[in-house]
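Here is a friendly walk through one protein model, meant to be read with the structure open beside you. Take a look first, and then we can go through some of its details together.

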Amino acid sequence: MCGIVGFVGAEPAAPVLLDGLRHLEYRGYDSAGIAIFSPEHGLDVVKTKGRLQALADLLEGGKQLEGCLGIGHTRWATHGEPNDVNSHPHVSEDGNIAVVHNGIIENYMEIKEFLISKGIHFTSETDTEVVAQLLEYYFGKSGDIMAAVTKVLHRIEGSYALGILCSSNPDQLIAAKKASPLILGYGDGCSLIASDVTALLKYTRDVSYMDDGEVAVLSAGGIQVYNSMMEPISKEHAHIDWDISAAEKGGYEHFMFKEIMEQPAAIRKTVFPRVKEGRVVLDDLSITKEYVQSLKKIDIIACGSSYHVGMVQKYTLEQLTRLPVEVVLASEFRYCDPIVDDKTLVIVISQSGETLDTLEAMKEAKRRGARTLGIVNVVSSSIARESDDVLYTWAGPEIAVATTKAYSTQLALLDLVGLYLADLLGTVKPEDYKSAIDEILLLPSKIENVLADKETIQYYASRYFNHDSVFFIGRNLDYALGMEGSLKLKEISYIHSESYASGELKHGTISLIENGTLVVALATYSPLFDKAMSNVIEVKARGADVLALTTVSHKTSMEKIANGVITIPDTIPMLLPSLGVVPLQLLSYYIALMRGCDIDKPRNLAKSVTVE
Ligand code: M6R
């Protein structure tokens, strides 16, 4: 999704903005631009469709623009196609005000019509341009930019993180936030804004997170924040202590591959400190035994891969706690009049902690009286701050659009949560609890074994990368695992792919199986292995080419039927998806590599989805 940076200080702003935008590239974008204010030239805007490099080339790395105050933007198109005109920054008709925006102004049409009726001319198809033009309209009435900002914020509806420059305020950058993330950076003789801390780290580690309704005025000497009543407030500062190298490729060709390889370490960091003397210890959780025992059900809300984690956890949590678990797509939850109350624990899963659908669904659950538990990777993100309890997945920065290590740490952390709840409920036998803990502690080294065999996956990728349609089938945990395998493949390789519960094939989908159709059959779940075999036989009989994934102990049986077999180490059922996902991630990665795809930044996708 769109990325914003802003800078005011004593050095030229353009190189700082380009560097910041480079760190936001991973979020996904289709055009980029910057606006710089200098006393000599007023507001200069340069923007272009395409990669950031095209903008950097236009600006000769930033040398082309003078001025120590500026805003920059990477755009992920929502309103209007990706082209130069629709790129941000957008400038008011008189050239006095420039705006960058992340989010959607939902009532932009009505405001646009109003402004057109006042004789204002628009140049772009975007919703954002109305902000620049409306600011100009109100500024023209009062000559006071803060009064104009206040009026505009009252008038616009929807979501926004805004960076605003006004030539009449030549030393200041104004920022405003509602529902889209925006971070303030307190530098040495400079002040910054950014959608993501990675864009700030070169200049400062001293940051604060803007809350909805707040407005900030930045100058080289500092930042003043105002609440929605425009009263000055002081913000809590946070210190970012992770190393910028964690967000760099470190010799790997792609972030995705680096992040796949980091999974054992990420799981160790997430799990090991939370297991003490054979017990799950969740110090950061404030729920009581009485509360857990009062629960009637658990809801899981998430999007994309985080939703797939929820699908796995439906099986695991129900098994462990004997409570009904409902997994709902966040975008559906918001509008389905959900049946949740104070007897429902709502688990909200999100890597970024900024996914708008998930954030808004969580707020809806809270409004209805549910207690919320966030499973989040990005510290101090919106979901982390707004959930009643938060447990962090310590996966470190995840840069590739396709999630890998965040998915794995979410799974592992929720396994611990399941055991913790089951222990409080008395629904897990002591011997099962013990063997689960023992196996969880072995998980990172078992994943290392799977990763060590990556050449086998590479071989299968070379065999199948030319297929244009793939089916993932499985039952129970393997069904949930297939959803993630299928999403990974389609998002980075652009191969059409679907996942099905194997038992559903005969109800329609099997008509699509013909000679040579690739079916990835997931058969890791021992209790249903025989049924999985029957489904493999069924699709083979219709001509499918079957690549199976199973455990070492079932390898020999599967080899008798499937065209190819990938194995993972044996483990307890609840941990099978944690092992099984790794070869599926590698398969997608190698296939995308062989097809020449842009692996870390797949077309049309964004890392952090901050619009509805
Ligand atoms: O940051 P979140 O976990 O809330 O993101 C949810 C989805 O947008 C995300 O998982 C998406 O599906 C990934 N690109 C999948 O690889």
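Is Lys-258 buried or exposed? Lys-258 is buried, because its relative accessible area is 7% and the cut-off for buried is under 20%. Please keep in mind throughout that this is a predicted model.

**A glutamate with two lysine partners**

Glu-262 itself counts as partly exposed, at 22% relative accessibility. Glu-262 also forms a salt bridge with Lys-405, and here the closest N and O atoms are 2.7 Å apart. Why does this pair tie together separate parts of the chain? Lys-405 belongs to helix H13 (residues 405-425), while Glu-262 sits in the loop between helix H6 (255-261) and helix H7 (263-271), so the pair links parts that are 143 residues apart in sequence. Lys-405 has a relative accessibility of 3%, so this lysine counts as buried.

For another arrangement, turn to helix H9, where Glu-318 and Lys-314 both lie, 4 residues apart, about one turn of the helix. Their side chains meet in a salt bridge of 2.9 Å, N to O. Glu-318 is partly exposed at 22% relative accessibility, and Lys-314 is also partly exposed, at 26%. Elsewhere, salt bridges with shared partners join Lys-177, Asp-212, Glu-360 and Lys-363 into one network. In the whole model, the count comes to 30 salt bridges.

| Salt bridge | Closest N and O atoms |
|---|---|
| Lys-405 and Glu-262 | 2.7 Å |

**A patch of negative charge**

Which residues gather in a patch of negative charge on the surface? They are Glu-106, Glu-110, Glu-113 and Glu-157. Glu-157 can be found in the loop between helix H5 (145-155) and strand S7 (160-166). This glutamate counts as partly exposed because its relative accessibility is 45%.

**Backbone details**

Now for the backbone. Most residues other than glycine have a negative phi, and most peptide bonds are trans. Against that background, a few places in this model deserve a look.

Between His-88 and Pro-89 the peptide bond is cis, with omega about 0°. Pro-89 is part of the loop between strand S4 (69-75) and strand S5 (90-91).

Arg-322 is not a glycine, yet its phi is positive, near 60°. Look for Arg-322 in the loop between helix H9 (304-321) and strand S19 (325-329). With a relative accessibility of 56%, Arg-322 counts as exposed.

Asn-604 also has a positive phi, about 65°, although it is not a glycine. Where does Asn-604 lie? Asn-604 is in the segment after helix H19 (576-594). Asn-604 counts as exposed, with 63% relative accessibility.

Val-45 and Val-91 are 46 residues apart in sequence, and their C-alpha atoms are 8.3 Å apart in space.

Met-362, in helix H11 (residues 356-367), is buried, with a relative accessible area of 0%. From Met-362 to Ile-347 the distance is 8.7 Å, C-alpha to C-alpha, and the two are 15 residues apart in sequence.

**The overall layout**

Finally, step back to view the whole chain. How is the chain divided into domains? Domain 1 covers 3-241, domain 2 covers 246-451 and domain 3 covers 453-598. The centres of domain 1 and domain 3, taken over C-alpha atoms, are separated by 46 Å.

Definitions and conventions
Residues are numbered from 1 along each chain as its sequence is written. This is a predicted model: local features need pLDDT of at least 70, side-chain atom pairs count only at pLDDT 80 or more; totals for chains, interfaces and linings use all residues. Side-chain values use heavy atoms; hydrogens and water are left out. Patches are made of residues with over 30% relative accessible area and no salt bridge: like charges are joined within 9 Å, nonpolar side chains (Val, Leu, Ile, Met, Phe, Trp, Tyr) within 5 Å. Accessible areas come from the Shrake-Rupley method with a 1.4 Å probe; for residues, only the protein chains shown count as cover. A salt bridge is a side-chain nitrogen of Lys or Arg within 4 Å of a carboxyl oxygen of Asp or Glu. Lys and Arg count as positive and Asp and Glu as negative; His and the chain ends are not counted. The place of a charge is taken as NZ of Lys, CZ of Arg, CG of Asp or CD of Glu. Buried means under 20% relative accessible area, exposed over 50%, partly exposed in between (1.4 Å probe, protein chains only). Domain bounds come from an automatic or database domain assignment.
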